[in-house]
Amino acid sequence: MSEGIRRHLSLNNVILFFSAVLLSWLLYYFYTGAGGPQELASRLIPVAIILQVLFMYREDYFYKWLPPRVNDIIILAYIGIALFAFWHFWWEFEEIAIYRQGSYTQQDFICGLLMFLLVMELSRLAHPALFWINLVLVFYTLYGYLSPFDFFWHPGTSFYRIVTSSTVEMSTGIYGIYGQIALTVIAAFLLLAAAARGFGAQSAMINVMRRLAGRSRQMVPQTAVLGSLAVGTISGSGSANAVVVGSITIPLMKRYGVPGTFAAAVETAASMGGLLMPPLMGIGAFLMSEFLGVPYWDVVARGFALAVVYYVSLALAVYLLCARLLPRDEIVSPPVVTYDQVKTSIFFVSVLFLIFLMGYAGIGELLAALYTAAFMFAALMLNFLYFKYVLKDAEVASETLLGNIRLSIETHGDMTSYLTLLLATLGIMIGLFTVTGFINRMGATLLDLGAWNIVAMIAMAYIFGWLVGAGLPPTATYIIGAVIIVQPLAALGVNPWVAHFFVFLISVWGELSPPTSLTAAISARIAEASFMRTMWEALKICLPITLMTFAIFTRSNMVVTTGWLQFSDTVLVMIGTCGFAFAMFGRFFRNRPADVGLRLTTAAVSLFVLFSPSDGWAMAAAPLAAILVIAGIVRHHDIAPPATLAVSAEGSDTSGDLATLAAEAKRDIG
C-alpha cells in the first residue's frame, strides 16, 4: 500500500496534478470571466508558484551544498507558504481588496511577507539579474534619503510599506496588473503552444519548412528563417524559438557546410522574430494592449507589418551572405511524411481561425484563444487517432494519446508558471520604482531633453532602453521603457502607438545585446560556437532591420493605423530595409570602386525612403531603391563565387574553403 502511494505521489504526478488544477481553473475563467482578473490572480498565483517550484526542483536540487533530505524539506516549506497564501486570500480576498486597504492585519502582513520573500528567492534562482536589481531597489527604497545626488534622493519609506505595496495592496507587485496579465490573456494564448507541443506540431512544421526551403545548398539557412517564422506564431519568444527550431536547423546547416558561428547567428536572428510574429507576439505585446487600453487584436494587426518587414529583410540578408559563402550545387530535399504534413496544415488552419475570430468575428482574445485551442487540440487528437489506429502509421507507433495529452497539460503549466513568476518579479520592480518616485524623475528628465530637441530625446531614450536591455530580458525592458519613456514622448506629440512600438522594438533588440542574449547563448551552445562571435554576427545581420525602430517615426502609418495607409508605409519601410541590407551584404560588380559606389548610392536612397519627412518624396524614391535591389540581387547571384566544397557522406565540410570565403566576404563587406 505504501509503495503504491509513493508511486502515485511521485514528483511527476504531483506536477501533473497542479498543472491540471491550474488549467481547469483557467479554462473556466476564460469561458466565464467569473470574479475578474484580480480575484483570479489572488487564487492562482500561489498555484503557479507551487508549479514553478516543482518544475525547477525536477531539473535539479535548489541548494546542492545541502543534503537531499534538507532540500526536500525546504521545497515542502516553499509549497506550504504558497498554500498558506492561497488559503488566506481565499477567505480574506474581499476584506483585503475592499475594506482593509491601507490598514492591514498582522496576518495580512505575514502572508505578504512570506510571499514576497518566496518570490524573491525563486527569482534569485531563475532570474538572478532581476533579483539583484530588486534587492538594490529595496535598499534604495529604504535609504534613498542618504543619496548624495539630487536626482536619486527621496525621503525613504518603511519595510512594511515595501511588503504591502508588493503584495496585499494588489495594485502593484506580485498580485498586480502584470501577474494578472500572465494568468489571463498570456495563459490563454499559451494554450495553442501547449496543444502544438503535446502532439509534435512544432517539429512537424520545421520538417515541412526544410522541404520548402528548396534544393540549393545556398537556401539551406532559409530553413531557419522559415522554421522560426512558423514556430514564432505561437512561441512569442526568441529563446524558445532557438531551442525548438535551432536544435534541428543548426545541425542541418553545419551538415551542409555552413560555419558553426554563422549558423548560430542566422538562427539567433531568425529566432528573434518570435518576439514580433503575430498572433502570439512577445509578452510586451499583451502588456501594450493593457497600457493602451485597446483589444489585443489591435496590437496584432499592427504587429503583422513589423513581422513582414523583419522576415523579408532577414531572408534577403541571409541569402546575400549565403550566396557568397556557399556553393550553388543542388542537394536532395528530405521527404516529409504525411503525418507531419497534416499536423502542419492543422496548425496553420488554427492560426487562421484565431485571426478570423479576433479580426473578423470580433470575439475577445480570451474566448478566441480558448476556441482556437479547442479546435487545434481536437483536430490534432483526431489526426493522431486516425494515423495510429486506422492507418497504423509507423510514425506514431511510439506515441500514446494519454502521453500527448499529459505533455500538453504540463507544457501549459510550465510556461504559465514560469511567466507568472517572471511578471510577479517585474511587478515588485515597478512597484518599488513607483514608491520611490524614480519613474516621475526620469520622465521629467526626458521631457526636458525633448523640449530642447526631440531627436536628442529619441536617441537618449534608445540608449537608455539599450542599456536596460543589456542586463534584463525583453519583457522587463519593455515594462521599464513603457513606464518611463512613453509618457514624455506622448507629451511632445508623438502618437502613443509609435511611442509604445518604439519601446517594444528596443526591448526586442535588447535581447541581442551582451551579456544577456539568451537566444544567442542557446544557438551558440547548439552550434558549439563562440557566444560573443555568434551575438556579434547576429547583430550585423539584423542591423538593416534595426532601422525599422526609428523609421516608425517618419513612416508612422505602419503602426498608427490599419488599411491601405499602413500597407503603403510598410512597403516603403520594407524597401528601405532591404535596400540597406543589400548595400551591406550584396555586390553589384567585381570591380571594387564601382561596386562600393553603387552600394553607397543604394544605401543613401534607402535611407531617404525610410526617413524622408515627406511621404511624397519617399514614395518617389522607393521605385529607384526597389530597382537597385532587384538588379543587385540578379547581379549578386551572377558574380558570387561559384565555390565548390568537398562534402563527406554525412554532408560536413572537409575542404576548409569556407573560412577563406568568409574572410573574403568580410573584406568585401567592409
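Reader: Hi! Is Leu-572 buried or exposed?

Author: Leu-572 is buried, with a relative accessible area of 4%. Buried means under 20% relative accessible area, exposed over 50%, and partly exposed in between, using a 1.4 Å probe and protein chains only. A word on the basis: this is a predicted model, where local features need pLDDT of at least 70 and side-chain atom pairs count only at pLDDT 80 or more, while totals for chains, interfaces and linings use all residues. Residues are numbered from 1 along each chain as its sequence is written, and side-chain values use heavy atoms, with hydrogens and water left out.

Reader: Thanks! Where is Leu-572 found, and which residues is it in contact with?

Author: Leu-572 belongs to helix 27 (residues 564-585). Helices (H or I, at least four residues) and strands (E, at least two) are DSSP runs, numbered from the N terminus. Leaving aside neighbours within four places in sequence, Leu-572 is in contact (heavy atoms within 4.5 Å) with Arg-555, Val-609, Leu-610, Ala-618, Met-619 and Ala-622.

Reader: How far is Leu-572 from Val-560, in sequence and in space?

Author: They are 12 residues apart in sequence, and their C-alpha atoms are 15 Å apart in space.

Reader: Let's zoom out. How many helices and strands are there?

Author: The protein has 30 helices and 0 strands. Its radius of gyration is 26 Å, close to the 26 Å that the globule rule gives for 670 residues, so the protein is as compact as a globular protein of that length. That radius is taken over C-alpha atoms, and the rule is 2.2 Å times the number of residues to the power 0.38. The C-alpha trace spans about 80 × 70 × 55 Å along its principal axes.

Reader: And what share of the residues is buried?

Author: Buried residues make up 56% of the 670. Also, among contacts between residues at least 6 apart in sequence, 76% join residues at least 24 apart.

Reader: How many residues has the largest nonpolar core?

Author: The largest nonpolar core has 209 residues, and Tyr-310 and Leu-314 have the most contacts inside it. Such a core is a set of buried Ala, Val, Leu, Ile, Met, Phe, Trp, Tyr and Cys residues joined through side-chain atoms within 4.5 Å. Helix 14 (residues 296-325) gives the most to this core, with 21 residues. Another core, of 8 residues, lies apart from it, and includes Ile-575, Val-605, Val-609 and Ala-618.

Reader: What does Leu-314 contact?

Author: Beyond its neighbours within four places in sequence, Leu-314 is in contact with Val-225, Ala-269, Ala-270, Ile-541 and Ile-545.

Reader: New topic: which residues of helix 23 are buried, and what covers them?

Author: In helix 23 (residues 518-527), the buried residues are Thr-519, Ala-520, Ile-522, Ser-523, Ala-524 and Ala-527. Their cover includes helix 11 (238-255), helix 12 (260-272) and helix 24 (531-546). Just after helix 23, Glu-528 takes a positive phi of about 55°.

Reader: What about Ser-123, buried or exposed?

Author: Ser-123 is buried, with a relative accessible area of 0%. This serine is found in helix 5 (residues 106-126). Not counting residues up to four places away in sequence, Ser-123 touches Pro-128, Phe-131 and Thr-425.

Reader: Last one: where is Arg-211, and what is its relative accessible area?

Author: Arg-211 sits in helix 9 (residues 201-212). Its relative accessible area is 38%, making Arg-211 partly exposed. From Arg-211 to Leu-114 is 97 residues in sequence and 53 Å in space, C-alpha to C-alpha.
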